[in-house]
Amino acid sequence: FFLWAGFLSSVQGSTEACSMSCVMRIDGDYPGPDYRVLSGDNEECLAASEDLSFGRRLAIVITAVLACFLNAGIVFGYSAIYPSLIAFEVFHDRCAGVEVCSEQVMSLNIMFNLATSAPHICTLPFGILIDRFGPKANAAITTFCVGFGCCLFAMGGPGVSGYAYDAGFFLMGVCGAPVFMSTVSFGNLFPRRKGFVMAATVGAFDLSSFVFAGLAFATHSGASLSQAFLCYSILPFLTCVCAVLLWPVRPVEEVLRICPAAVPSRVPKDAPHQVGARMVEQPLLVQLQSRAFWLLVWAASVGIVSLNFVISSVDEQLKKVDPVTSHALTEAFAFLLPFGGLLSIPLVGIVIGTVGPIRGFFVLEIGFLIFSFFFYLFVVTTNVVPAMIALSAFVVCRPLFYTLLASFAGTVFGFANFGTVYGLVMSLAGVANTAVSPVRWLAQEAGFPVANVTLAALQLTIAVLPLGILCSKRQRALLRADHAASPEIKTADGLFISGISPRVFAHMNYPTPRPTPA
């Protein structure tokens, strides 16, 4: 409540900002003929083909956060619902008279593994769906499938009906993550608070694992498993209705604000017209062949392997260091992990809003180093304080990492092909996630310190991504050329703009610009 209250006050306070012009992308590539220049009282010039009021934009953001919480990652709360699945004898018909058998446990684990592994493979098809039909259609389809999956799971039973458990759980898993993909561009609805909006959706994604904890509580309170899932299916269906009624048809494009030369600090550091415009201009095939794309794939792969290795092995590592305090630390980590996305919303929003998604990877690098240093300090001293600092840094790095990936893809590559680019990145990173097993083998053979040092060295290579974008000599030369060729320009209707080159301005829907006399 306090986070949203602060967001509302900050957005309403932005109406006092200086008058400026906005370059607004309608469709097509930057800077194509589908741009127009708007004069506004504040920065809330929208990069969308439809005119959205403040109330509707706010409703879109709120429903997007709720959609992520109610749909995106609910299957990751499997451990919370597992005792209820055993108590209500899910797959128990595969046991020969005993209470719990290995066949039942194996069937439950297969159901969970399929539901959590398939999203990595299906990210690309859903990304293509977003590019082709837009976030509204994608969100409507995926949230409906999540609700239908809950209904199927509620219909499960012994015998052939047991396949309803598999099908329902699979739909809940494979259709949850694409809901978050549909909301990535919504941060552009409030450009000054873009990082806050994206952090809120990522935080809701992390927190959605608590949905199964709520369903488990309902079963402990007297409801049956079928009743709990059937009642919960109403909420995904409601988010489907909200998406159809409120969400924009096309992704919300980046606002390119052209401010007077006297206030250049108002232009975002990582705005597309500064660091990614030329990549946004390119067709999809060129984007996929670019150095920036493959550096993003590498950063995503290293980050996901590192995060998943720590999550899967933290209990073992803590027990090897100090068996006495390991249980308390593991419980604290299990509590902080889903809440980390929620508690870190202000911090992630500040990082995205101040340093941008490109330079933000340097902040992520610092977070990984803090985790590695204090965890090593815990291994050496067995003191609980360094362990808590390390685990706290980790739970902040996780949502920051996923927010940076989505924000970087939208900033550098634009949203015309965002679904395909981001979907392919996450699919390739999902394939690379199989490297967790070799790292686990290395930990067993050489010890966890060796595995941790290896991952820390790989994490340092993530810095190549922002360095490759910011330190390109050709990019800097082009930026200097654009800046040098940016006199104040007067349009045919008397509008003065500055900070944009005549070469870029020539592509807009205005007559040939004429420089203002000295």
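The second largest cavity in this predicted model is lined by Ile130, Pro135, Met181, Ser182, Ser185, Pro251, Phe415 and Phe418. About 40 Å³ of space lies within that cavity. Two elements, H4 and H6, each give two or more residues to its lining. By class, the lining of the second largest cavity comprises six nonpolar residues, two polar residues and no charged residues. A search of the whole structure finds three cavities of 30 Å³ or more.

I turn now from the cavities to the pockets. The largest pocket holds about 1,700 Å³ of space. It has 47 lining residues, and those closest to its centre are Phe76, Thr116, Asn308, Ile311 and Arg398. Which helix gives the most to this lining? It is H4, with eight residues. At least two residues each are also supplied by other helices, among them H3, helix H7 (194-207), helix H13 (291-321) and helix H18 (418-432). Helix H6 (177-183), which contributes to the lining of the second largest cavity, is likewise on the list for the largest pocket. The lining of the largest pocket divides into 27 nonpolar, 18 polar and two charged residues.

On the H3 side, the contact involves Tyr78, Tyr82, Leu85 and Ile86. On the H4 side, these meet Gln104, Val105, Leu108, Asn109, Met111, Phe112 and Phe153.

How are H14 and H17 set against each other? Their axes lie 9 Å apart and pack at an angle of about 25 degrees. Because angles under 35 degrees count as roughly parallel, H14 is described as roughly parallel to H17. The crossing of H14 and H17 is right-handed. H14 contributes Thr325, Leu329, Ala332, Phe333, Leu336, Leu337, Gly340 and Gly341 to the contact. From H17 come Val384, Ala387, Met388, Leu391, Ser392, Phe394, Val395, Arg398 and Pro399. The residues of this contact divide into 12 nonpolar, four polar and one charged. Arg398, named in the contact with H14, is also one of the residues closest to the centre of the largest pocket.

Definitions and conventions: Residues are numbered from 1 along each chain as its sequence is written. This is a predicted model: local features need pLDDT of at least 70, side-chain atom pairs count only at pLDDT 80 or more; totals for chains, interfaces and linings use all residues. Side-chain values use heavy atoms; hydrogens and water are left out. Contact means heavy atoms within 4.5 Å. Helices (H or I, at least four residues) and strands (E, at least two) are DSSP runs, numbered from the N terminus. On a 1 Å grid over the protein atoms alone, a cavity is a set of points where a 1.4 Å probe fits but cannot get out, and a pocket is an open set with protein on both sides within 12 Å along at least five of seven lines; lining residues have an atom within 4 Å of a point. Grid points are joined across faces, edges and corners, and a volume is the space filled by probe spheres set on the points. Ala, Val, Leu, Ile, Met, Phe, Trp, Tyr, Cys and Pro count as nonpolar, Asp, Glu, Lys and Arg as charged, and the others, Gly among them, as polar. Axes are lines fitted to C-alpha atoms, for helices over the stretch in contact, and angles run from 0 to 180 degrees between N-to-C directions. Angles under 35 degrees count as roughly parallel, over 145 as roughly antiparallel, 65 to 115 as roughly perpendicular and the rest as oblique. A crossing is left-handed if the near helix is turned anticlockwise from the far one by less than a right angle, and right-handed if clockwise.
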